[in-house]
Amino acid sequence: MAKTVSPDAISFILSNPCPDSSSDLPEIIVQVLDLKPTGNKYMFMASDGKMKVRALLQSALSSEVTSGNIQNLGLIRVLDYTLNDIPTKNEKFLIVSKCEAVSPALEAEYKAEVKTEGSGIVLKPKQEMGVESEVKSEAKGIVLKPKEEIVAKSAAQIVHEQHGNMAPAARMAMTRRIHPLVSLNPYQGVWTIKVRVTSKGNMRTYKNARGEGCVFNVELTDEDGTQIQATMFNEAAKKFFDKFQMGKVYYISKGTLKVANKQFKTVQNDYEMTLNENSEVEEARNEATFIPETKFSFVPIDELGPYVNGRELVDVIGVVQSVSPTMSIRRKINNETIPKRDITIADETKKTVVVSLWGDLATNIGQELLDMADKSPVVAIKSLRVGDFQGVSLSALSKSIVVVNPDTPEAKKLKSWYDSEGKDASLAAIGSGLSPSTQSGTRSMYSDRVSLAHITGNPSLGEDKPVFFCIKAYISYIKPDQAMWYRACKTCNKKVTEAVGSGYWCEGCQKNEDNCSLRYIMVVKVSDASGEAYLSVFNEQAEKIIGCSADELNELKSQDGDSAYQAKLKEATWVPHLFRVSVTPHEYNNEKKQRITIRAVSPIDYATEFKYLIEEISKMRVSK
């Protein structure tokens with residue numbers, strides 16, 4: 001018999017906004033209406049034929065929609081959910097964290113049967129809901145209450161009797177519903193999560209206009225592998241810093257959530273958590289813990305360019321091409337040596353990239369990969385930083401996870417491609433195509449080439465995350481009376497202030513220094529055939545444009561005067577350059593504007609430029 005919508009399913013959800021246990025839920029089958037994407041999630045109207053409620057499929061379920069399992073007008077069985085109030089509106093919002101497809105799209109929207117008797121309406125009884133209808137005895141006036149209340153009461157008594165002597169954390173596990181991280185959002189009220197600490201930062205101090213303080217953060221992972229970053233300030237930081245220990249599992253409640261700052265987030269989650277001194281953190285002792293499932297969000301090798309030198313970490317998967325011997329690298333910070341090993345991997349984009357493994361990853365996993373390199377193993381790596389060495393390179397961190405020959409569809413597909421054609425294909429490093437003068441750039445200066453008008457004519461560019469382009473343009477004007485540089489610490493390059501008495505105070509290093517250096521931070525006007533724009537430029541790139549360091553330019557200005565200083569700036573104008581730029585939006589005086597920042601700059605290699613132009617002309621001919 002074909003499945004159909006559960007009668008009064010929405011009514012049940014509305015009356016049970018946060019069920020104690022997903023295992024005790026009755027069968028809840030609803031129809032999906034008006035299914036549409038919103039970011040990496042999907043919104044829809046959940047309907048039982050009589051009532052509807054706005055709903056959201058969490059991002060973990062998006063693949064069910066893209067694969068066609070969940071369809072508009074189709075049926076789904078809700079296995080776990082949370083019902084939230086929308087503070088700004090007088091309505092409810094259903095967040096579906098677990099569900100399964102029951103039926104593909106029906107021919108039309110399902111409408112519940114309604115029978116009319118006289119002037120009244122008779123609805124079907126609620127037997128499928130597991131709740132008995134209210135029964136009245138006309139003779140004695142007895143009212144029998146729904147069976148559900150009696151069951152709930154006896155269950156509570158059983159839990160109290162059997163588990164009253166358990167440890168607090170164990171009692172919490174038995175009596176409080178644990179919310180998956182994927183179901184949390186800023187509009188939620190009371191929640192409790194069970195998570196493992198998979199990364200812990202150091203306690204940091206800060207000073208701003210509101211005073212001094214301290215802060216640290218942790219990365220938390222639940223049983224499903226979903227991650228979230230939690231931050232604690234001041235009293236909360238002092239309270240929880242020693243409590244949170246790497247690898248241990250905790251129950252956490254009474255925190256707040258907000259939309260994650262994409263510029264600083266280090267995990268794949270739309271939200272970030274803040275814990276204050278009133279938040280509750282309790283270690284899960286005397287009970288079975290869990291090892292979080294490792295979830296990957298792979299970035300193809302040929303799409304790594306936009307992540308270069310950014311804060312966002314990436315996951316990659318590739319076939320190992322080569323493994324280097326272990327090297328010993330001396331750290332500049334503490335002069336200690338650390339083992340390093342480079343592996344080169346390739347994927348279906350026919351691009352290769354070098355991944356640097358450090359410490360135990362280099363000596364343990366790295367040696368394992370070296371021993372089996374001739375078998376071309378597949379390796380999946382989570383949480384890598386993208387650098388600009390040799391154009392694009394990857395570097396592992398202390399929290400990086402390396403899985404050799406993972407049993408996943410992506411790994412099987414990649415291995416199949418490599419065995420059938422990849423091993424004989426011509427593979428190129430992602431940084432290839434860079435001329436020697438552009439090796440310090442982020443990507444080839446001949447990829448993503450656009451005109452200035454393309455950037456300035458699209459004000460919405462970079463709203464989700466920074467976007468990167470390459471442009472060929474001229475420096476047309478450098479304003480001489482702008483703030484060209486700042487005083488920087490010679491150790492960490494952060495801004496310093498004049499110390500009391502003499503010297504300079506560095507907040508980052510927390511120490512006084514007798515001397516400081518100057519580092520460029522300025523704005524230049526650039527022009528091409530399509531238009532002009534103002535670009536922000538920082539020290540390394542500015543030195544290439546001006547032709548000297550900020551200290552040298554300041555000395556020139558001090559000794560030879562403004563005329564020599566302005567002449568030096570004028571020398572830098574109307575010289576053609578190739579720029580790699582990032583584009584992000586920002587607000588200035590309540591007005592939304594673009595911030596275009598130069599990330600790499602190089603002079604034009606005309607032989608390579610001519611080759612690029614010939615290829616572009618050939619493409620035009622083919623398109624015609």
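Here are figure legends for a set of close-up views of this predicted model.

Residues are numbered from 1 along each chain as its sequence is written, and side-chain values use heavy atoms, leaving out hydrogens and water. Because the model is predicted, local features need pLDDT of at least 70 and side-chain atom pairs count only at pLDDT 80 or more, while totals for chains, interfaces and linings use all residues.

**Figure 1. The whole chain, to get your bearings.** The secondary structure comes to twelve helices and 33 strands; helices (H or I, at least four residues) and strands (E, at least two) are DSSP runs, numbered from the N terminus. Of the 624 residues, 42% count as buried. Here, buried means under 20% relative accessible area, exposed over 50%, and partly exposed in between (1.4 Å probe, protein chains only). The chain exposes about 34500 Å², and carbon and sulfur atoms supply 50% of that area. Accessible areas come from the Shrake-Rupley method with a 1.4 Å probe; for residues, only the protein chains shown count as cover. Among contacts (heavy atoms within 4.5 Å) between residues at least 6 apart in sequence, 63% join residues at least 24 apart.

Figure 2. Look for Ala411, Leu414, Trp417 and Tyr418, which are buried. They sit on the same side of H7 because they cover an arc of only 130 degrees around the axis; the arc is that of the directions from the helix axis to the C-beta atoms. On the other side of H7, Pro409, Lys412, Lys413 and Ser420 are exposed.

**Figure 3. Helix H9 and the glycine after it.** In H9, residues 539–546, the buried residues are Asn539, Gln541, Ala542, Ile545 and Ile546. They cover an arc of only 160 degrees around the axis, so they lie on the same side of H9. Next comes glycine 547, whose phi is positive, near 95 degrees.

Figure 4. Most residues other than glycine have a negative phi. Asparagine 234 has a phi near 50 degrees; this residue lies in helix H5, residues 234–240. With a relative accessible area of 29%, asparagine 234 is partly exposed. Serine 376 also has a positive phi, near 50 degrees, and is found in the loop between helix H6 (359–371) and E22. Serine 376 is buried, at a relative accessible area of 13%.

**Figure 5. Histidine 179 and its contacts.** Find histidine 179 in the loop between helix H4 (168–175) and strand E10 (192–200). Its relative accessible area is 4%, so histidine 179 is buried. Leaving aside neighbours within four places in sequence, histidine 179 is in contact with Cys18, Thr82, Leu184, Gln188, Val190, Trp191, Thr192 and Ile193.

**Figure 6. A nonpolar patch on the surface.** Tyr477, Val523 and Tyr534 form this patch, with about 300 Å² of accessible area together. Patches are made of residues with over 30% relative accessible area and no salt bridge; like charges are joined within 9 Å, and nonpolar side chains (Val, Leu, Ile, Met, Phe, Trp, Tyr) within 5 Å. A salt bridge is a side-chain nitrogen of Lys or Arg within 4 Å of a carboxyl oxygen of Asp or Glu. Valine 523 belongs to strand E30, residues 517–528, and counts as partly exposed at 35% relative accessibility.
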